[in-house]
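I set out to record what I looked up in this structure, entry by entry.

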Amino acid sequence: DGPLPPVIAVFNISDDEIPVSGGETGIRLQLAGSVHDLWSGKDEGSLASYDAVIAPHASVLLSVTTQN
């Protein structure tokens, strides 16, 4: 089976929408790979190209399949 993929959780605790980006101006992690949104069940492409808007008091939960 092997190790589980990294998971990224982003919580919006504000009363406003917030943009989330996996590119250079967004989530800054030493991580590259394919993103799967665990709430929607959709594959979202690469982390570097991931963009979303999180509604007030909402969250996203992303699984990242790393590329070695």
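Two strands are taken as paired if DSSP finds at least two bridges between them. I note at the outset that the model is predicted.

**Entry on one pair.** I then examined strand 1 and strand 6 (residues 59-66), which run antiparallel and are joined by five bridges. Within this pair, I found Ser 63 of strand 6 as the bridge partner of Val 7.

**Entry on the core.** Which residues make up the largest nonpolar core? I listed 10 residues in all: Ile 8, Val 10, Val 20, Val 35, Leu 47, Tyr 50, Ile 54, Val 60, Leu 62 and Val 64. Strand 1 and strand 6 are the elements that give two or more residues to this core. Strand 6 gives the most, with three residues. For context, nonpolar side chains tend to be buried together in soluble globular proteins.

**Entry on the surface.** I returned to Val 7, which forms a nonpolar surface patch with Leu 38 and Trp 39. Together the three have about 320 Å² of accessible area. I located Trp 39 in the loop between strand 3 (33-37) and strand 4 (43-46). Is Trp 39 buried or exposed? Its relative accessibility is 56%, and the cut-off for exposed is over 50%, so I recorded Trp 39 as exposed.

Conventions:
Residues are numbered from 1 along each chain as its sequence is written. This is a predicted model: local features need pLDDT of at least 70, side-chain atom pairs count only at pLDDT 80 or more; totals for chains, interfaces and linings use all residues. Side-chain values use heavy atoms; hydrogens and water are left out. Patches are made of residues with over 30% relative accessible area and no salt bridge: like charges are joined within 9 Å, nonpolar side chains (Val, Leu, Ile, Met, Phe, Trp, Tyr) within 5 Å. Accessible areas come from the Shrake-Rupley method with a 1.4 Å probe; for residues, only the protein chains shown count as cover. A salt bridge is a side-chain nitrogen of Lys or Arg within 4 Å of a carboxyl oxygen of Asp or Glu. Helices (H or I, at least four residues) and strands (E, at least two) are DSSP runs, numbered from the N terminus. Buried means under 20% relative accessible area, exposed over 50%, partly exposed in between (1.4 Å probe, protein chains only). A nonpolar core is a set of buried Ala, Val, Leu, Ile, Met, Phe, Trp, Tyr and Cys residues joined through side-chain atoms within 4.5 Å.
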